[in-house]
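Here is a walk through one model, taken from its domains to its chain contacts and one of its sheets. Have the structure open as you read.

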Amino acid sequence: MTTPTKSRGRRAGATVAERDARPAGARRIERLDQHIVEIVSDSGEGAQTCGKLFGTVSARMGNGVWTVEIIPAEIEPPARSPAGASGNRIRLGSREVTNWGDYTDLVVAFNEQVLLARHRARALAPGATVLLEDMWEEHDDPDIRAAWAAAMEELSEAGYRIIPVPMEEECLEVVDDPRKGKNMFALGMLASLYGRDRELLEKAIARRFARKDDELTRRNVALLHRGMRWAESSLDFGFEIPPTPDETAKVVMNGNQAIALGAIAAGFETASMYPITPASSVSHYLGEIFQDYGGILHQAEDEIAAAGVAIGASYAGRPALTITSGPGMALKTEFLGLAIMTETPLVVVDVQRGGPSTGLPTRVEQSDLLAAIFGQPGDAPHVVIAPATIEECFHVMVMARRIAETFRAVVIVLSDANLATGVQPFRRPVPVRAWQGSPPDQSPVPEGTRPYEWDPETGLSRRMIPGQAGGQYTATGLAHDEDSHVAYDPEVNQRSSRARSRKLAVLRSTLTPPPIHGDPSGDLLLVGWGSTKGAIEEAVDRARAEGLSVSSTHLTFLSPLPPGLGEIFGRFGRVLTIEIDYSDEPDDPFIDEENRRRGQLAWLLRAATLVDVGCWTRVMAEPLRPGSILEVIRSRLAVTGGAA
Amino acid sequence: MNAATCSLLRASVEEDRSFELGDYEGPVARWCPGCGDHSVLAASQRLLREEQLAPEETVFVSGIGCSGRFPHHLGTYGFHGIHGRALPLATGVKLARPELHVFAVMGDGDCASIGAGHWIHAIRYNTDMVAFMLDNHIYGLTKKQTSPTTPQGYRTNTQPHGSWLPALNPLTATLGVTNASFVAQTAEWVPQHLQATLRAAFRHRGFSFVRILQRCPHYTLSMFIDAVRDPDRIELLVHEDGVRVDGLEKIYEHVRPHDPSDLDFARRLAQEDSDPERPIRLGVFFRDPSRAVYDRIRRVPTRSADEKVELLNRELDRHAI
């Protein structure tokens, strides 16, 4: 076994790592509530596999876990380039972890360029610990040596604790090509640092490579052991994040997988889509398994056709959804109007990304909110709901189908890139038979039944499905009367518009006010929607621990809004939305109270409640950090004198 | 209800039912007098009666324009959609319910302009349905704008100095697409031929594309007047696997035997159809019943709710920690 030398440490700019000096057996183990660790490499070097295994095993041990993929923007970026940084970022916690947290505490990097990428992305905490492959420092290629030196120069000011690791050299003891295997060595190091269960790791490795050969598993386990031994003998620190024992059955997946499984649990039979980031992986999963359930995943020729196929299937009596992201929503707009006008049940999943236009395809944003609610020309009332957690991505599909069919309505489900790529354990759903619904009603329609017999009170009407004798009618996007006959009569248009609109009010009458996280009244109320819930509530908890009078509430229903908002807002000194979209700052040039463009949720809530709802929004191409929200709470309460 | 019970029920019901033309009639059509749509509507109703299709198991899907109103005048189920998008809706209906009889009705602008992308892909999917392209060479409902099939030089409201470009040939376009399986041309003013062509299209298993030449009495009467008056302006493509109407050859003396399985020759015949000096060819240009049919490829097993829940539990176990 090679032990890193002092000189190697110094040349790498290590600030603390003087490992030769550490007395044998005196390893300092730091006990923590939570820690953020990431592993980053060129793509193809397996950092993602390492991260996934680490996350899975940690979850099995009872730790809270939130994993985010670090995805390069290109398919085959050049080796050793910041653009190619690929890997996983795992937040471990003693209890359930509801969001990605603040800044990374410990990094394993396979070269200095991918480390630079993370540094430049401001992903790392000041003083973060870095375990860095050191083979590049004395590489034969002078360009690589120069790149190393330049990177060390750039990194030196950040004050990271950089520890050189002879990963290549160590791996060569086990395999001929360390590019295939370094990730398992890295997993071993992390296992040692965080006290991961060795047997669980070995099992996870065996399961991961079960479809390949035993030899591969054996080699990977050998690399794992080597990484563990190296860390045990060479590193004088470690971490303990005590797990919270929890006997409830759990599953672990990302939000897009949860949407796919939720769609199946909800009994959807047709899903149509066109490839678009970050929604596509829903269809990858459905493409794999949907047909076993009697479902059809249709990849349409474009986004428009994807909506059309879903509407056609639903008109024919089969529950159908279409899956897309912002640019696809824009293209589907006319078809959404048709589904609303013909009252054809339809569920549309929009996994939001940065916009407008092509925007930031892989990054999180919540800027589709108002377009989702108001984006259809003409008066087009429909439902918009948003899951806030990966678990909710599963269950929201069941609710979406039920609402779509009960109200003959279009339901837009707004997820986002944060939920789509975040991986988190959650309570295992228990699918029930009733969610599957019944096959299309094929019983004859009683004579005299009309296709749009709008109830004057609720606007609801009975749907007729092809195959039902006596129900024949022609659905139309033109203004129509109760018989679905084209009607230009002004009275009919007023009546049918009222019926379509009334359905939202009826749905709202079944909702309850949103729960409050924290005290039911106080100085400040934060309001959020979608994937920011975990970060907002963690910030509120931290602020409350500091004695600040702050609570939060989170909206699942965006259209219709739930009841009771005005009354809730009235119990707080100030109301502030927290959103991942753009808003003008009040003191920006040319900006005043009247022309200020606000966060989209703030706009919506101000219009609905006439309360002076403020907003704090960012479009930093990443999820919000609880620490940033905490700063906002502190500063807002300081301004009003509410701070402790 | 499982599939077996369902089809048994249907069989017992159908034994006692026979359908008359009146069963396929909807509210009276309000197209202009002399509009070719009337003729196609009547032929469709005759087809439904001939084939004794249950009105509740038949769905006509349309786009926008004069042709878009088509389903409103039938006694079947209908879906009057949006401009250019009849084919995705029809595909959705057929994929979800393969046992339904599906027809898609489009105009020339609907199909070959705003809906051209769907048209190309619908040909390739080859989903089992009949697609009518009601081609009057003009946008009629919106008042005489140039369509993709308007002849070059023809004056319209959007191109008053004469339409700029040569007309698109829907036959060559369709025959050029991989997996095309049925391509025919007929004319509304030859009702026996129209009827026979719709029958052949319906009986073909796959995407049956029928271009129906038709007059717009307001805007394009002059384009068709020669062909309507002079039988020498028509050439019939005849074959036992195509369309052959008894007695029609006495009126239309230009008759060309054409085996619709010959794709290369079909393409040549279609190409020549662009030449205004040549007679208009009516008949089946191409037919290949062996092409892959999308709704058959995509048949899925019927699963009960209990089976699905069981499968889902197994799948969730794969994600268990």
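Into which domains is chain A divided? Going by an automatic or database domain assignment, chain A splits into domain 1 (6–240), domain 2 (251–436), domain 3 (441–510) and domain 4 (516–639).

## Ground rules

This is a predicted model, where local features need pLDDT of at least 70, side-chain atom pairs count only at pLDDT 80 or more, and totals for chains, interfaces and linings use all residues. Residues are numbered from 1 along each chain as its sequence is written, while chains are lettered from A and ligands numbered from 1 in the order in which they are written.

Helices (H or I, at least four residues) and strands (E, at least two) are DSSP runs, numbered from the N terminus.

## Domains 1 and 2 of chain A

Taken over C-alpha atoms, the centres of domain 1 and domain 2 of chain A are 36 Å apart. Where they meet, 11 residues of domain 1 of chain A are in contact with 8 residues of domain 2 of chain A; contact here means C-beta atoms, placed from the backbone, within 7 Å.

On the domain 1 side, H2 and strand E3 (64–70) of chain A are the elements that give two or more residues. E3(A) gives the most, with 5 residues. By class, that side has 6 nonpolar, 4 polar and 1 charged residues. For these classes, Ala, Val, Leu, Ile, Met, Phe, Trp, Tyr, Cys and Pro count as nonpolar, Asp, Glu, Lys and Arg as charged, and the others, Gly among them, as polar.

## Where chain A meets chain B

Now for the chain contact: 61 residues of chain A are in contact with 47 residues of chain B. Elements supplying at least two residues each on the chain A side include helix H2 (47–60), helix H12 (326–342) and strand E17 (474–476) of chain A. The largest share, 9 residues, comes from H11(A). By class, the chain A side has 33 nonpolar, 18 polar and 10 charged residues.

A strand pairing crosses between the chains too. E17(A) and strand E2 (residues 77–80) of chain B run parallel, joined by 3 bridges; pairing takes at least two bridges found by DSSP. A:Thr474 has B:Gly78 as its bridge partner, and A:Ala475 sits opposite B:Phe79. E2(B) is also joined to strand E1 (residues 58–62) of chain B, in parallel, by 4 bridges, with B:Ser62 opposite B:His80. B:Tyr77 and B:Phe79 point one way from E2(B), B:Gly78 and B:His80 point the other way, and all are buried (20 or more other C-beta atoms within 10 Å of a residue's own; exposed is 12 or fewer, partly exposed in between; C-beta atoms are placed from the backbone).

## A closer look at H11(A)

Why call H11(A) largely enclosed by the rest of the structure? Because 13 of its 13 residues are buried. Just after H11(A), A:Gly317 takes a positive phi of about 100 degrees.

## The five-stranded sheet

Further along chain A, 5 strands make an open, mixed sheet in the order E18-E20-E19-E22-E23. Strand E18 (516–517) and strand E23 (614–617) of chain A each have a single partner strand, so one side of each is left without a neighbour in the sheet. E18(A) pairs antiparallel with strand E20 (residues 550–555) of chain A over 2 bridges, and A:His517 has A:Ser552 as its bridge partner in E20(A).

How values were computed: Two residues are in contact if their C-beta atoms, placed from the backbone, lie within 7 Å.
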